[in-house]
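Here's a quick tour of some side-chain pairing and helix packing. Have a look at the model first, then read on.

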Amino acid sequence: MRGTIVNAAAVIAGSLIGLLVHARLPERVTGMAFQGIGLFTIFLGFTMASKSNQLLIMIMSIVAGSILGELLDIEKYLQKGSQWLRRKIKTKEEKFTDGLITSTLLFCVGSMAILGAIEEGLGGKPNLFYAKSILDGFSSIALAASLGIGVIFSAIPLLLYQGSLTLLAGSLQTFLTQAIINEITAVGGLLLIGLGINLLGIKNIKVVNMLPALLIAAFSTAFFG
């Protein structure tokens, strides 16, 4: 799990730099950075969504996943967990939850997290994770500069997610075909578009409640793709 640990360390280091920058910038500047992140998130989402070769599976996954997530109300539990963590570290940062959720989705939703875990889990050098660490490290600087301390805690779900995939790589190798990875990435792109819309204040989309769409995309592609 060396690659995942390096990735998490890069996020923490980048976040600390971003927090230092955040403390020295006027609010109007951090506000503009926030909007820039929103635009970039939408662009990244469209780029990822274009990887789909099965539009019917994409539509079915996002609709069914949204319904399931809303019934389970995943966002409510994540909000409670975030607020508990916020109380524990005794921060009054208003954007704590936004920073945690936004950075977690950006760092975990994508093909590099899956392919990197398979690469390392099967005994290869974690080159993909090293490359991802550089990207995530620079991204976390910008995220923490505009969203605050919540970004640094995204290292925890990143460790759990990528670490689990790495440990299960041997079992998942036969299941996670390139077609399945493409559809997971594409649906993840739709989630990032929704996240970007939230960041720009256009509309409040419950992106967290749409997370089951990723699993539905994987299994739908496996059985029907």
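## Salt bridges

A salt bridge here is a side-chain nitrogen of Lys or Arg within 4 Å of a carboxyl oxygen of Asp or Glu. By that rule, there are two salt bridges in the structure. The model is a predicted one, where local features need pLDDT of at least 70 and side-chain atom pairs count only at pLDDT 80 or more, while totals for chains, interfaces and linings use all residues. Residue numbers run from 1 along each chain as its sequence is written, and side-chain values use heavy atoms, leaving out hydrogens and water.

## Glu 70 with Lys 206

Glu 70 pairs up with Lys 206, their closest N and O atoms sitting 3.3 Å apart. This one ties together distant parts of the chain, 136 residues apart: Glu 70 is in helix H3 (residues 55-72), and Lys 206 is in the loop between H10 (178-199) and H11 (212-224). Glu 70, at 37% relative accessible area, is partly exposed, and so is Lys 206 at 35% (buried is under 20%, exposed over 50%, partly exposed in between, with a 1.4 Å probe and protein chains only).

## Asp 136 with Lys 132

The other bridge joins Asp 136 and Lys 132, at 2.7 Å from N to O. Both belong to helix H7 (residues 127-147), four residues or about one turn apart, and both are buried. Helices are DSSP runs of H or I, at least four residues, numbered from the N terminus.

## H1 against H7

Helix H1 (residues 2-24) packs on H7 at about 25°, with the axes 7 Å apart. That makes H1 and H7 roughly parallel, a label for angles under 35 degrees.

Technical notes. Helix = DSSP H or I, 4+ residues; strand = E, 2+ residues; numbered from the N terminus. Axes fitted to C-alpha atoms, helices over the stretch in contact; angles between N-to-C directions. Parallel < 35°, antiparallel > 145°, perpendicular 65-115°, else oblique.
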